[in-house]
Amino acid sequence: MARAPKVTWVRLNSAMASGMGTGFGEYYKPVLEIKRWNPSPMSVQVLKALPRFKRECHFFSHSEWYLGLLFSWVGAHIREQFPLWPWQHSHPEYSRNQEMDSILPESVGMAEICRDAGIKHGTFVGTNIPYIWSMDLCAHMPWVSDLKKSTCLISVKPLTSEQYLYVDPLHRGTEKLECERRYANQLGINYFVGDRSLFPGPVFAQLELLADAAILPATHPWSYTLHSFLDRHGEAAQNEPLQSIRERLITDYNCSPAQATFFKNHILWNQLIDCDLSVKLKESQPPKKGGLALIQAIRNSMAGVTR
């Protein structure tokens, strides 16, 4: 197995100068990336783009990928392996909207947060260089109008393991979660710990199936067919078997089976007809309503809305 390059101030400063841990959307560069020298013996790592973007994301567990996909489905913009710098630094949304930069609070840095919590911050092995803590998922929520509160930080942990069912206050993993909580609290943004067990099982498999059809540009030649179908049959499709969407597209719109499948999946991913993706879909039955309500519930949870 290849060895990781030794961390030095020269390498670290060069990585930061190149944009590590900064940027939005296609231009974001995570602070940790899947490399030959960091395979996981415990988790399935995923190197894959999320819908709306072409950039490959670096997920160090299947749960990270699933939650990133879920939050992308509800409309969040995901930055994975997001740095929590040890020194004072800008709010996660800094430079997204330059007109708002002056009102965004700054972080005091993880070194001070750890010191206040009585927890050792840590250094890279064999050096005196402060370790760069990272957050599994940093989600921007466009539906939150207050930019100061439009970030949600998510630490992805196996909640069914004994370590998290029965919290040991002396465990380093628990210390890390407490410092992450304090980091978010100091900035006034929402934070939670979760994994795929928090959400209904079928939703992840179904989102994976639909994800490749999430985007259809308005200028794409197929867009006219989609809008024509929805204008004419969208209301009826809510009460007809799911398989009728493909059948009608093939017979009435001269679509190929592949085109018809893409349209159906696009409609379901984007909730152009209300369909609860948390229950197993049955082609012979009409879509069960509840998808739009599920999206709103997840959005509220991410934003810390309790009502």
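What follows is a working chat about a predicted model.

Biologist: How many helices and strands are there in the protein?
Modeller: The protein has 10 helices and six strands. Keep in mind that this is a predicted model.

Biologist: And what does the C-alpha trace span along its principal axes?
Modeller: About 70 × 45 × 40 Å.

Biologist: How is the protein divided into domains?
Modeller: Domain 1 covers 9–198, and domain 2 covers 201–298. Their C-alpha centres are 33 Å apart. The contact between them takes 12 residues from domain 1 and 14 residues from domain 2.

Biologist: What share of the residues count as buried?
Modeller: 46% of the 307 residues.

Biologist: And the contacts, what share join residues at least 24 apart?
Modeller: 63%, taken among contacts between residues at least 6 apart in sequence.

Biologist: Let's turn to α7. How far apart are its end C-alpha atoms?
Modeller: They are only 19 Å apart. Helix α7 runs over residues 222–237, which is 16 residues. A straight helix would reach 22 Å at 1.5 Å a residue.

Biologist: Where does α7 bend?
Modeller: At Asp231, by about 50 degrees.

Biologist: Which residues in α7 are buried?
Modeller: Ser223, Thr225, Leu226, Phe229, Leu230, His233, Gly234 and Ala237.

Biologist: What do those buried residues of α7 pack against?
Modeller: Two helices, α8 (243–252) and α9 (257–269).

Biologist: New topic, aromatics. How many aromatic pairs does the count come to?
Modeller: It comes to 12 aromatic pairs. One of them joins Phe71 and Phe192. That pair is edge-to-face, at 6.2 Å centre to centre and 90 degrees between the planes.

Biologist: Where do the two residues of that pair sit in the chain?
Modeller: Phe71 is in helix α2 (residues 62–73), and Phe192 is in strand β6 (residues 190–194). The pair links distant parts of the chain, 121 residues apart.

Biologist: Is Phe71 buried or exposed?
Modeller: Buried, with a relative accessible area of 1%.

Biologist: And why does Phe192 count as buried?
Modeller: Phe192 is at 17% relative accessibility. Buried means under 20%, so Phe192 counts as buried.

Biologist: What about Phe71 and Phe199, what kind of aromatic pair do they form?
Modeller: An edge-to-face one. The centres are 6.3 Å apart, with 80 degrees between the planes. Phe71 lies in helix α2 and Phe199 in the loop between β6 and α6 (201–210), so the pair ties together parts that are 128 residues apart in sequence. Phe199 is buried, as Phe71 is.

Biologist: Which residues form the aromatic cluster?
Modeller: Tyr66, Phe71, Phe192, Phe199 and Phe204 form one cluster.

Biologist: OK, charges now. How many salt bridges does a search of the whole structure find?
Modeller: It finds 12 salt bridges. Among them is Arg181 with Glu178, at 2.8 Å from N to O.

Biologist: Where do Arg181 and Glu178 lie?
Modeller: Both lie in helix α5 (residues 172–187). They are three residues apart, about one turn of the helix. Arg181 is partly exposed, with a relative accessible area of 39%. Glu178 is at 25% and counts as partly exposed too.

Biologist: What does Glu283 form a salt bridge with?
Modeller: Lys264, with the closest N and O atoms 2.6 Å apart. The pair links distant parts of the chain, 19 residues apart. Glu283 is in the loop between α9 and α10 (291–303), and Lys264 is in helix α9.

Biologist: And Lys264, buried or exposed?
Modeller: Lys264 counts as buried, at 8% relative accessibility. Glu283 counts as partly exposed, at 32%.

Biologist: Which residue does Asp146 form a salt bridge with?
Modeller: Lys148. The closest N and O atoms are 3.1 Å apart. Asp146 is partly exposed, with a relative accessible area of 27%. Lys148 is at 29% and counts as partly exposed.

Biologist: Last one. Which residues are linked in a network of salt bridges?
Modeller: Arg79, Glu93 and Arg96.

Note on methods: Residues numbered from 1 in each chain as written. Predicted model: local features only at pLDDT ≥ 70, side-chain atom pairs only at ≥ 80, totals over all residues. Heavy atoms only, no water. Helix = DSSP H or I, 4+ residues; strand = E, 2+ residues; numbered from the N terminus. Expected span 1.5 Å × (residues − 1). Bend = angle between axes of the 7 residues up to and from the residue. Buried < 20%, exposed > 50% of the residue type's maximum accessible area, 1.4 Å probe, protein only. Contact = heavy atoms within 4.5 Å. Phe/Tyr/Trp six-rings, centres within 6.5 Å; stacked < 30°, edge-to-face > 60°. Salt bridge = Lys/Arg side-chain N within 4 Å of Asp/Glu carboxyl O. Domains from an automatic or database assignment.
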